[in-house]
Amino acid sequence: MSAARIPLERVREACLALPEVQERLSHGAPSFFVRGKRCFVMVMDDHHGDGRYALWCAAPEGIQHALVAGDPESYFVPPYVGHRGWIGVRLDHALPWDEIAGAIEDAWVEVAPKRLADAFAAGRGGV
């Protein structure tokens, strides 16, 4: 395990920079919601003693298996939400910030209403 941990503040900043996002505790964890309704990211620190400091986040279909199979030290299937395709992203390993930020943005796109996600993509040049 790397000694470097991505600070919660950095995750919070990335989540709250996305349109219509609110933060609140859910199941005791800092969690981020689109329009206050649909959760897209949870920050878990040693959930039930699992020893992980990680994001649990929504993910596009098929991504969970590819990420976990490709880098099982950095990605995992989280309990409770893994069956819906969510991924666990370790914040206490040496993952580059752009991969973490990309997972956050992908999670937001997964749960945001289509018009909101389309407007966001259009504002970014269709990216």
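Helices (H or I, at least four residues) and strands (E, at least two) are DSSP runs, numbered from the N terminus.

**View 1. Meet the whole protein, shown here as a predicted model.** Starting at the N terminus, the elements follow the pattern α-β-β-β-β-α-β-β-α-α. That makes four helices and six strands. The radius of gyration is 14 Å, close to the 14 Å that the globule rule gives for 127 residues, so the protein is as compact as a globular protein of that length. Along the principal axes, the C-alpha atoms fill a box of roughly 40 × 30 × 25 Å.

**View 2. Here we turn to the open sheet built from six strands.** Follow the strands across the sheet and you will read the order S1-S2-S3-S4-S6-S5, with antiparallel pairing. Strand S1 (21–26) and strand S5 (75–76) are the edge strands, each pairing on one side only.

**View 3. This close-up shows strand S3 beside strand S4.** Strand S3 covers residues 38–45 and strand S4 covers residues 53–57. The two run antiparallel and are joined by five bridges. Look for Asp-45, which stands opposite Tyr-53 in S4.

**View 4. Now for the inside and the surface of the protein.** Of the 127 residues, 43% count as buried. The protein exposes about 7,000 Å², and carbon and sulfur atoms supply 53% of that area. Among contacts between residues at least 6 apart in sequence, 48% join residues at least 24 apart.

**View 5. Finally, here are the charged side chains.** The protein has 13 positive and 17 negative side chains. The centres of these two sets lie 8 Å apart.

Technical notes
Residues are numbered from 1 along each chain as its sequence is written. This is a predicted model: local features need pLDDT of at least 70, side-chain atom pairs count only at pLDDT 80 or more; totals for chains, interfaces and linings use all residues. Side-chain values use heavy atoms; hydrogens and water are left out. The radius of gyration is taken over C-alpha atoms; the globule rule is 2.2 Å times the number of residues to the power 0.38. Buried means under 20% relative accessible area, exposed over 50%, partly exposed in between (1.4 Å probe, protein chains only). Contact means heavy atoms within 4.5 Å. Accessible areas come from the Shrake-Rupley method with a 1.4 Å probe; for residues, only the protein chains shown count as cover. Lys and Arg count as positive and Asp and Glu as negative; His and the chain ends are not counted. The place of a charge is taken as NZ of Lys, CZ of Arg, CG of Asp or CD of Glu. Two strands pair if DSSP finds at least two bridges between them.
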